[in-house]
Amino acid sequence: MGYILSKYNYFKSYNSIVVGVNLFKKMLFKIEDNKYNKLISYKENLNKTKTDEPVFFSTMHKLGIINDIEIDNNIKNILLFHNRKEVFNNDSYWLMILPTLNCNFNCWYCYEDRCKGIMNKETVNATIKFINNTVKNKSAFFLNWYGGEPLLCYENILKPISEKTKEFCDLNNVFLESQITTNGYFLNEKMLPLFRDINMQSIQITLNGPKEIHNRIRYQKNTTDSYDRIVNSIILLAENLNPKTLILRINFTKEYFDSITNIIESFPLHIRKKIMVLIKQIDQDQERVSFDEIGQKLLIFENAGFNTEIRTHSIIHTNTLACPADKYYQSIINYDGRVFKCHAVNFEKEIEDGVLTKDGTIEWNDHLLYRKLNKATFDNKKCLDCNLLPVCYGICSYRLFSSKNLTNLNKLCPCNEIEKSIYHIMDKFYDSKKSLAHILNYAND
């Protein structure tokens, strides 16, 4: 049998220690540099390694560093196969609901047009029927609230639909998990019992920099101080709900990037470990901040007691789907009953992928759906030949579908960011006392 050093290996040297990882196996490890040098010296005759260093060979083979030639060459096909299985896996369903695109704020960078639309009773009833029809054949149902600001419609839309979803899932023995993206302004203690009932495990709330800057960007009529109210909402959730993921997303521009760490003192020390900090530059900001600069700021938050998100969570993957939008059994119901696959669109201007009917079914536009789901986003020569493929899986499907000039897709390729993330993960692993760990132990911390 022939062996090779896998195409998907990454190594980084630290004095007398080398950190390695095979991106298909996703296991980080440390070896002494003389062992690494020996491995490289046997590159052209790995069968000799098997004879001369059987224990070392066996370890490297289990970690995927040394691989069977045929298997390594076939990994891209394995990934394509798993992608197709995940796209059409009908075991669970992922539903996002936008009860309104309205918001109590009017942030200058928001890509949604402001409108006066709120989900009417007919669409609420159709949505409830759709959920009832859907959960009967699933083992898990994931309910996601988005907007606009979904808590503007808490009493008349979010609460009744959520209660019915809980009822249907209980009747059919279906696991239910919920999440919400909210600005946090309307959150209050009275909502917590419902959040517990529907297993609200992921909540994302945004601040726009430190207090004085946030209040300048995020305000509403007769209210110039939303910062303290939103901070108190985050504290309430951390102390009384404690979801698996409580994300504090900090939006910034280059202008006030240096001051975002002033947010730290707004949160009591004892709850900081329950909060995941994500720092995101506003897309319209022309002068971009580097990955390393963001990493340094996140390190300050981490040293202050917060969990941190270095943008690897969204680009280092354990499966072959980068986004729920790539799944067939997934949908986004807009307030007006139009249905979409991707949430990162202007819902007022985008052509819908389908329409929710009164009887609780979705009439899909098969032509659009076919174009979006007929093959994997990485099913092209550039991606399939890339050594980052096992943790990348291609360009964002919405960007890929929307691109008018396919020759410019290199501009959309995330490989540079992914490679930086891998080396950052290696650094963190090297600083740890561990000799072996899964890459995601460091990608998500």
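1. The charged end of Lys138 is placed over the ring of Tyr329, 4.1 Å from the centre. Such a placement requires NZ of Lys or CZ of Arg within 6 Å of the ring centre and within 35 degrees of the ring normal. Tyr329 also belongs to an aromatic cluster with Phe88 and Tyr328. Lys35, in turn, lies over the face of Phe56, at 5.0 Å from the ring centre.

2. The model is predicted: local features need pLDDT of at least 70, side-chain atom pairs count only at pLDDT 80 or more, and totals for chains, interfaces and linings use all residues. Residues are numbered from 1 along each chain as its sequence is written, and side-chain values use heavy atoms, with hydrogens and water left out.

3. Rings of Phe, Tyr and Trp (its six-membered ring) pair if their centres lie within 6.5 Å; planes under 30 degrees apart count as stacked, over 60 as edge-to-face and the rest as tilted. This rule gives 14 aromatic pairs. One of them joins Phe11 and Tyr36, whose centres are 4.9 Å apart with planes at 55°, so the pair is tilted. Phe11 is in strand S2 (residues 9–14) and Tyr36 in helix H1 (residues 33–41), 25 residues apart. Helices (H or I, at least four residues) and strands (E, at least two) are DSSP runs, numbered from the N terminus.

4. The rings of Phe267 and Phe306 have centres 6.0 Å apart and planes at 90°, so this pair is edge-to-face. Phe267 lies in the loop between strands S10 (245–252) and S11 (276–281), and Phe306 in the loop between helix H10 (291–303) and strand S12 (307–309), so the pair ties together parts 39 residues apart in sequence. Both Phe267 and Phe306 are buried (under 20% relative accessible area, with exposed over 50% and partly exposed in between; 1.4 Å probe, protein chains only).

5. Is Glu53 buried or exposed? Glu53 counts as buried because its relative accessibility is 19%. Glu53 is located in the loop between helix H2 (46–52) and helix H3 (54–62). Leaving aside residues up to four places away in sequence, Glu53 touches Lys35, Lys38 and Lys48, where contact means heavy atoms within 4.5 Å.

6. On a 1 Å grid over the protein atoms alone, a cavity is a set of points where a 1.4 Å probe fits but cannot get out; lining residues have an atom within 4 Å of a point. Of its 14 lining residues, the closest to the centre are Lys341, Cys342, Lys372, Ser397 and Tyr398.

Notes: 1 Å grid on protein atoms, 1.4 Å probe; cavity = no way out; pocket = protein on both sides within 12 Å on 5 of 7 lines; lining within 4 Å.
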